[in-house]
Amino acid sequence: MKKIFLLAMVAMMIATGCEHAIRTDVVDLKASKEAVLQIADEYKAAWNAEDIDALNQMIADDGLYCGTDPSEVLDKAALLDMWTTAFADSTDYSYQIDQRKIRMAPNGKSAILVEHLVISGWSSILHVRQTYQIIKTGDSWGIDFISWGFMVKNEDVEHLNKALE
């Protein structure tokens, strides 16, 4: 009996000693959020300055970009072409942000931003919701998803439907 007990104790000590410690990384969400907000502000500044080169550096090569028109599901090359065409126009597409919400991932490596925009050169009546994801790959941050959509108040939908008939 003593041998079985002693053998069981040795087996338990070996099993306990072989357990791997669970490693938890400490995430500084405040620093990550500040980095994301800096990218968002740089993106807005580059857009308003019509700086295609800066915008090109901010967006991911393999990203997904969706315009306000249903046909606008774009890769990076098509997005840059669309922007280049828009900026060649004399219309002022610069924007102001009415509202910005940010949702950080718990691991601090990505964020979703939602912004309500006024692009007065495009439409002072219809505002735009810009939703984009910023991710951290290695040590750098980049935009890998953008979606733009017009915002319509629920009470105005019927009026728009009638106007579009």
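Reader: Helices are DSSP runs of H or I with at least four residues, strands are runs of E with at least two, and both are numbered from the N terminus. How do the elements of the protein chain run from the N terminus on?

Author: The order is α-α-α-β-β-α-β-β-β-β-α. That comes to 5 helices and 6 strands. This is a predicted model, where local features need pLDDT of at least 70 and side-chain atom pairs 80 or more, while totals for chains, interfaces and linings use all residues. Numbering starts from 1 along each chain as its sequence is written, and side-chain values use heavy atoms, without hydrogens or water.

Reader: OK, the strands. What order do they take in the sheet?

Author: The order is E2-E1-E6-E5-E4-E3. These 6 strands make an open sheet with mixed pairing (two strands pair if DSSP finds at least two bridges between them). E2 and E3 (96–104) are the edge strands, each pairing on one side only.

Reader: Take E1. Does E1 run parallel or antiparallel to E6?

Author: Parallel, with 4 bridges between E1 (residues 59–66) and E6 (residues 140–151). Look at Leu64: its bridge partner in E6 is Phe145.

Reader: And which way does E1 run against E2, parallel or antiparallel?

Author: Antiparallel, with 2 bridges to E2 (residues 73–74). Tyr65 stands opposite Leu74 in E2. E1 and E2 form a hairpin, and 6 residues sit between them.

Reader: Where do side chains point in a strand?

Author: In a regular strand they alternate between the two faces of the sheet.

Reader: Switching to helices. Where is Leu79, and is Leu79 buried or exposed?

Author: Leu79 is in helix H4. With a relative accessible area of 0%, Leu79 is buried (under 20% is buried, over 50% exposed, partly exposed in between, with a 1.4 Å probe and protein chains only).

Reader: What does Leu79 touch?

Author: Not counting residues up to four places away in sequence, Leu79 touches Ile59, Tyr65, Leu74 and Trp148 (contact means heavy atoms within 4.5 Å). Tyr65 and Leu79 are 14 residues apart along the chain, and their C-alpha atoms are separated by 6.9 Å.

Reader: Which side chains make polar contacts with the side chain of Gln130?

Author: Tyr43 does, at 3.1 Å. Trp148 does too, at 2.8 Å. (A polar contact is a pair of N or O atoms within 3.5 Å; within protein, one must be able to donate a hydrogen and the other to accept it, and residues adjacent in sequence count only if both atoms are side-chain atoms.)

Reader: What other residues is Gln130 in contact with?

Author: Leaving aside neighbours within four places in sequence, the list includes Tyr95, Leu113, Val114, Glu115, Leu117, Ile146 and Ser147.

Reader: Pockets next. What volume does the largest have?

Author: About 300 Å³. A pocket is an open set of points on a 1 Å grid over the protein atoms alone, where a 1.4 Å probe fits, with protein on both sides within 12 Å along at least five of seven lines; lining residues have an atom within 4 Å of a point. Points join across faces, edges and corners, and the volume is the space filled by probe spheres set on them.

Reader: Which residues lie nearest its centre?

Author: Trp47, Thr68, Met82, Trp122 and Trp148, from a lining of 15 residues. Trp148 also makes the polar contact with Gln130.

Reader: Which element gives the most to that lining?

Author: H4, with 3 residues. H2 (29–48), H4 (76–88) and E4 (110–119) each supply at least two.

Reader: What classes make up the lining?

Author: It has 11 nonpolar, 3 polar and 1 charged residues. (Ala, Val, Leu, Ile, Met, Phe, Trp, Tyr, Cys and Pro count as nonpolar; Asp, Glu, Lys and Arg as charged; the others, Gly among them, as polar.)

Reader: What about the second largest pocket, which residues line it?

Author: Ile125, Leu126, His127, Met151, Val152, Lys153, Asp156 and Leu160. Its volume is about 180 Å³. E5 (residues 123–137) gives the most, with 3 residues. By class, that lining has 5 nonpolar, 1 polar and 2 charged residues.

Reader: Last one. What phi does Glu50 have?

Author: A positive one, about 55°, although Glu50 is not a glycine. Glu50 lies in the loop between H2 and H3 (52–58). Glu50 is partly exposed, at 33% relative accessible area.
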